[in-house]
Every structure is written in structure tokens, then in C-alpha cells.
Amino acid sequence: MTSFIVRRVLGAIPLLLFISIVTYAMMALAPGGPAAVLGPRGQGLSPEAILRINQAYGLDKPWYVQYFFWLKQLLFHGSLGTSYVDNRPVIEKVFEKLPVTIEMVGLALILTLIIAIPIGIYAGAHRGSFFDNASSTIGFIFYGMPVFWLAIILIELFAVEFRWFPSSGVSSLGRENDVLDRLWHLVLPVVAIALASFVSWMRYQRSSIIEAMSSGYIRTARSKGLSERDVLVHHAFRNALLPIVTLLGLSLPQLVGGAYFVEYVFSIPGIGYLTFSSIFSRDYPTLMAITMLTAVLIVAGNLLADITYAIVDPRIRYA
Amino acid sequence: MGSGFAHSLERLRAPALALVAALVLGGCAASAETHRDPNTLVALTRTDGATMNPMYATTVQDGSIYAALLFDGLSYVGADYLPHPRLATSWSHSPDGKHWTVDLRRDIKWSDGVPFTSKDVVFTYNLYLNPKTGFLDFGTIKNVTRVYAEGPYRVHFDIAFPNAVFTLNVLGEDVLPEHVLGKIPPDRQRFSSFGEHPIGTGPYVLKSWQHDSEVVFERNPYAYRPPKIGRIDFRVIFNDQAELEALANGSADLIDDLAHTQYVQLQRIAPNIKLMTFAPLYVDVIELNLAHAGLSDVAVRQAMMYGYDRVAIAHGLYDDKVPVPDSLIVASLKHWYNPNVQKYPYDPDKARALLDAAGWKVGPDGIRSKNGTRLSFELLLNQGSALLTDEMLTFIADMRDVGIDINLRLTDFASLSARTYTGKYDIIADARGGFVDPDLTSIFASDQIPPNGANTTHYKDARVDRDLRLGLVTLDDAKRQAIYDDMQVELMKTIPIMPQVGRFAATAYSPRLYFDPKVSLQSPLGYYNVEDWKFVQ
């Protein structure tokens, strides 16, 4: 297992390097650089002053030279650089935004599982029934909707029309430490993410149950005279949960990458918001930090899924 | 089995419903109850800015509002739009206008208790003038050739040529503490922690800053103009509706940048909230790239003005709460505004006649052309502005009506800015203004075409060049007025930039707040008298 992990980690290095090069090149070749977003105040700048600003950030050099300096800074100093917008270390900015994103997406994941697993089990156990077809159809309708559109509909309905929930932010003024108020603010974004994503989890669970219910040990359990409920809950359900547990590892990057559009629509100041604002302000170091963090987590999530699978399923062995 | 499972779901339903009910009711209670420090002014904002360092601030929030709370210049601009002494007590200039002497106040300390002296002023201007600093207002002060002190409370400035806006622009720059920033090399100033931990002479000090969430200022214990309100708390709210709710339910006291839709809605949902509109300092404009074959023809530009129903915009989108300007110098700058310029009432027939006379013939598709050049342009617009988009849709329809084809393209600000400064555009919708002096050298002088300056329309007009040159070096106000009157006549005849409507400027505030801002709080001089604001309940 150790050698497997080492090989996987070493194998990820060229992949991460490739991602970093492509990301940096795409950003640097986009129209308008950091000096272009100085706003009206920068309009009076002399060409020399603009050159000085570009020199301060190393932007006077070709993009591949800039990339090399970025990489050198990361490898030899462990630094992801300084934001062009406010000159703060980007790692500080990223970690500042992480908690709210993890909170929102984590709650959404929990809600998704709460919805998806029971429905998946029931649909799998009643394959071909009206409930099975209806749950899949409804799930795919939500899945097919752009999540930002779904979010806007939720706002229109529950924030504007019924006024049950707030339309933006994560807390009311003066109640920043009130847990109930925070949950109240997160209801709509969490529901938007959960509705958009529950169908894939539900379908996984449904397939697992169908596969488990056709296994030999289920036939044995039935032949022992166990009730259908006991067969499902004590035998099929536990085994059918294994693939779902391993899939949780794959959702790790989403916890950090966040639900960009949902954060944007609900004005939640998390990683998604930081990503959008960094794109618009051409803040390359911050964008690189977010991209690389997400890439690392995708690799780590895949690895974690493989390891979890080996732990929970004794039949799996990695050489 | 199925019924058992369904039964399990059934058992979960009651607690689930209870949780949702608790959230809704608890949340509603949360929205109704607020725990407020009565001596804190809660102001709502869309952005908390990027830095407290005035050298590198780029937004109204950090460059104008925070700077007004934390720092002072030697002069400031009052509600009369004229410069008045702030850190200075008086100033005078030599007969040739190339040497200025400024006397300083003697009762001022920085917010860390260190006395303010002429050393700070000399240090600040030398820092600003050093190209390595990358000071964003470098263009404003670049004609200063030498700054030196005479004792602790007098400073001398030598300038390359007489400068009519010296007291307004040069002396208006914020003064920085030498004892804090003097140890940092100019090329490292940008990266210093001063942007997060500022020391100033203004009425407030920065207490705390949670990025993208909250910025709190407290009364400066050494303030020489101590504010009546002890604390100002800027809360970042990105959403129009949430802003209105916070103001209506008493969680907040002030929205200083009210959109017109919010203004209308507040009148309906919260009649107790006070509303104030201001004569705008900014004008929504349409900038034309005169390097383009069609737009280089002045007849086309004049026809575009006649063919555009700007009154319909002011009426339809803003309920007539914004003016339809005759000039780029707004009417509220009474001293400089010239109403006697060429007017452009909506007259599509006159627009068509002008184009016909200039040889622009209507083609089979209804679009005009001449010598192979079609009057077909791309209009670039920053995607973040919904109202400006509505204005532009009307503009496009009006232009089509007179035979000019305009295609709208939304883009982000960085791309828009890059294309503007590289001349890769036809037409751009934007806003111009914020200035209180008519010196528009950087926008219209022919030697300011990028990369040298901000003349992005590539405008070249000998008469305007002459007026700008003379206006800048003429110290006599009456003579300057005549010069800029002439400049406005020429600009409105040649139309490098089409003024549309004045930008809507309004503030909404709690009845417990008493203040008399006179000018929009979102203008560069909005918080000039913040120390006089107070609570009346």
C-alpha cells in the first residue's frame, strides 16, 4: 500500500506541473493585465509609472519567465506569491475564504446524502416502480438545470415572494456569531447545491442496491427467513454503502473549489467569490493559488478514494 | 419491507419540518432583532476596497472614503468645490507662479501620537515623485521639481510651470508619516503593511478589517478635528435587496451609493428612511474612437447626438431625476459650466439631413455608407452595469433609426480597459467626471493619446489644445473661466465624447443620523466633513 501511495504521489507531480503551466499561460494571454484594472486613477499614469508597476510584479517579462519565477518562489520559498490587488500573501486570502465555502458545501453534501441515500435505496429496492421513475425524472430535471438559474428561482420564490429566507450573505448585521441565523442564511444556497447534485448520488446508491440485492448473500439471507426489511437494512444497505463511502473522497475538491456560481448568486464571500473577483482583476497569483489548491485536492481526493476502497473492501489489494 | 422503510421516512418527517420551521422563525426573529452599539454608524458598501494606503487605492471606497477618514492633505475640497486649507494654514505663490510657500498647522499629531511637521510633507512629496514608488496620481504632481522645508512648519514647492490647479490637486494629496514609511525603500512601499495598518492625521483610525466583510473605524484619539460619531462600521453587502432590508429594519444607518431602483423601492417599503439626491458630478458618456473611418467625420458625431433621445432615457429609466447635460463640465460646477454651447435636442430628421449632406447614403439594409465605409460599429460595455446596458439598448435602437448600425458587446473591465488604451475599439459606454476643475488635459490634449495619457478617443483639436495649455497656466480665475468657456463650445461642436445623462447620485439614511453632505458621498469629496456628522436620537 505504501509503495502504491508513493507511486501515485510521484505520478501526480508532472500532472500538477502541466496544470500550472497551462493555467498560467491562459491567464497571462487573456486581454488586459493587472495594470489595466487600476481604474480611473490610473489613467493619468505615465508610461514610465506603468512600467514601474509592471516591474514591481515582474509583469514586464514574458509569461514563461513570470511562470518560472512563480514556480521558483513556490518550490524554494514555499510561497504562492502576493496578490496584485491588495499586496497581501495569497495564501492568507485563500485561507480567509475557505471556512465559509467548506461550511456551505459541507452542509450541502450532508443534505445531498440525506436526500439521495434513502431515495436511492427505496428506488433500487423498487426498481421500475412509479417512485423509481419519478425520483429519477425529478432528479434529472434538477441536474439539467444550470445551478445559477436554480439559485435565482429559489431567491425569487423563497426570498422575494415568500420572504422566508434571506437572499444573500451568510449572516445578519449584528448577529455574526448566531448559529441559527447563519444556518438560516445558508438554507437557500445549500438547497440549490443539493438539488442540483443529489441525482448522481441517488443513482449511485440505486445501482449499488440493485447490485447488492441480486447477490448470493441476499438470497441466503432471504432463505433464512429474514424479513425483506431486515434483508435490506442489515445486509444489502451496508454493502451497498461501500461505493458511496469511497465516492466521498472524490467530493473533496468540491469542498474547496466551492460552488462558484452559487456563491456568486447568493453573494457568499467564499472561494468562488474570490475566484471571480480575481479573474476580473487579473490577480494571477491568487488565481494560481486557487487553481493549484483545487488540482492538488482532485489528485488527493482520487488517491483517498482508492485507499478508502481498499480499507473498506478487503477484496481490494494494491501492489 | 417497503412500508417499513416508508415508516422510517415518516418518522424523520416531523423533526425535519421542525428544523425548517425553527430556521424560518429563528431567521425572521434574527432579521427583526439587532443588537447595535448606539454610537456606531453602520454604513453599507458593495466593496471594502483593497488597501488603506492612499498611494495605491483605486476605488472610491478606499481612495476617497477611507482616505477621508484616515488622512489629510494640505488642502481639501469643500462643498463649494474650491480648495481650502487642511493641514496647511495658508499658502502663497511667487509673481511668476512657479514657487509656492505653504505654512502648516502646529497642533497636529499622527494617530500614534508623533507630532506632524514639515519633514512629513517633504518626505511625502519626494516619495510621490519617485517613479519607483509607482504613485497612482503621479501625473497630477509631476510638474513639481523640488520640495523643501524651512523650519518645522513651512514648506516650499518649486514647479516647472505655473499651475492653476496647484492648491486643488497638488496640495490635495494625502500626507504620509515619515517616521513610519521613511524606512521603506520606494520600490517596496507597495508591499509594506501600511495598507493594513495605516497611521494618519484624519478623524478616524482603522480598528479592524475583515476582508470582504467588515471595516471598522474608531475616533482618532489625537484627532485635531474630533468626530462626533465614535465609530463607523462599513459592512459589505453585495445584494441590492439585502441592503434595503438592513436599512429598513434598522440594522444599518447609511447606503451612500443608492441605485435608482433601490431609491424607488425604498420610498415604497420604508417611508421613514430619509433619501437625498445630489446634482451629479459624473456623466454617463459614449466615447467615440475618432481613429475609426466613420467616426472621424464630425457630421456623423453630431448626427449621433441629434439622433439619440437622451430625454427619454432620463425620463424612462430615472423618472427625470437625472439631468440631460449640455457639456462634460456638469452644471453643478457653476463657476465653470458654460450653458452657451451647441445644443442637441432629439431631432432624428436633422440627424438624417446631416448624414445625407455629408454624403452618407442609406444602403438596402438601411445602414449608411460612403466610399466603401459603412456606419457600422461595435459598442463595448462593462458587463456589470445593468442600467448602462438599458441606456445602450435605447441608443442602439435610436441609431438604427437614422441609419447607423451598432452592435453591443459586453466584456469585463480589464478587457474593456485594455482595448480602450490600445485603441482597439469603436465606441465605449462609460462614465466620466468626479473632477471639480475644468482642466481636462489628460482626456482631450492631443499629446495625451495613449500611452502618454488618457485621451482614448484620439481627439486632436488645435483650439482645445490651446485652451487646455492656457487654462492650466493662467492663475486669474476670470481669465480661466473665459478659456474653459471656449473649450466647452469647441468640445460640444466636435463631440469626441457624447454626454448622455447625469449619473444618478443618491443617499439613503436612518432618521437618527444628522448630516449635511451637500455633495454625493460617492464623489471624491463626499466625506469631507465627516467629523460634523452626528446622531440626533
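Modeller: One term before we start: a crossing is left-handed if the near helix is turned anticlockwise from the far one by less than a right angle, and right-handed if clockwise. Bear in mind too that this is a predicted model.

Two packed helices are described by the angle between their axes and the distance between the axes. As for handedness, α13(A) passes α14(A) in a left-handed crossing. On the α13(A) side the contact uses A:I271, A:L274, A:T275, A:S278 and A:I279, while α14(A) brings A:T286, A:L287 and A:I290. Sorted by class, that contact has five nonpolar residues, three polar ones and no charged ones.

Now set a second pair beside it. Helix α7 of chain A (residues 179-213) and helix α9 of chain A (residues 228-240) have axes that come within 8 Å and cross at roughly 130°. That angle makes α7(A) oblique to α9(A), and their crossing is right-handed. From α7(A) the contact takes A:Q205, A:S208, A:I209, A:A212 and A:M213, and from α9(A) it takes A:A236, A:N239 and A:A240. The class count for α7(A) with α9(A) reads five nonpolar, three polar and no charged residues.

Stepping back to the chain that holds both pairs, chain A has 14 helices and zero strands. Its C-alpha atoms fill a box of roughly 85 × 60 × 35 Å along the principal axes. Of the 319 residues in chain A, 40% are buried. Taking contacts in chain A between residues at least 6 apart in sequence, 71% join residues at least 24 apart.

Together with β17 (376-382), β18 (405-411) and β19 (427-433) of chain B, α13 of chain A is included in what covers the buried residues of α13(B). That chain B helix spans residues 413-421 and is mostly covered, with eight of its nine residues buried. Among those buried are B:L416, B:R419 and B:Y421. After α13(B) comes B:G423, whose phi is positive, near 75°.

Last, the nonpolar cores. The largest has 142 residues, and B:L69, B:L70, B:I232, B:A303, B:M304 and B:M498 touch the most other members. Helix α2 of chain B (residues 60-70) gives this core its largest share, seven residues. Apart from it lies another core, of 67 residues, and A:M213 is one of them, along with A:A56, A:L232 and A:V265. A:M213 brings us back to where we were, as it is one of the α7(A) residues in the contact with α9(A). As for B:I232, setting aside neighbours within four places in sequence, its contacts are B:L41, B:A43, B:L69, B:Y204 and B:F217.

Methods
Residues numbered from 1 in each chain as written. Chains lettered and ligands numbered in written order. Predicted model: local features only at pLDDT ≥ 70, side-chain atom pairs only at ≥ 80, totals over all residues. Core = buried A, V, L, I, M, F, W, Y, C linked by C-beta atoms within 7 Å. Buried ≥ 20, exposed ≤ 12 C-beta atoms within 10 Å, placed from the backbone. Helix = DSSP H or I, 4+ residues; strand = E, 2+ residues; numbered from the N terminus. Contact = placed C-beta atoms within 7 Å. Nonpolar A, V, L, I, M, F, W, Y, C, P; charged D, E, K, R; others polar. Axes fitted to C-alpha atoms, helices over the stretch in contact; angles between N-to-C directions. Parallel < 35°, antiparallel > 145°, perpendicular 65-115°, else oblique.
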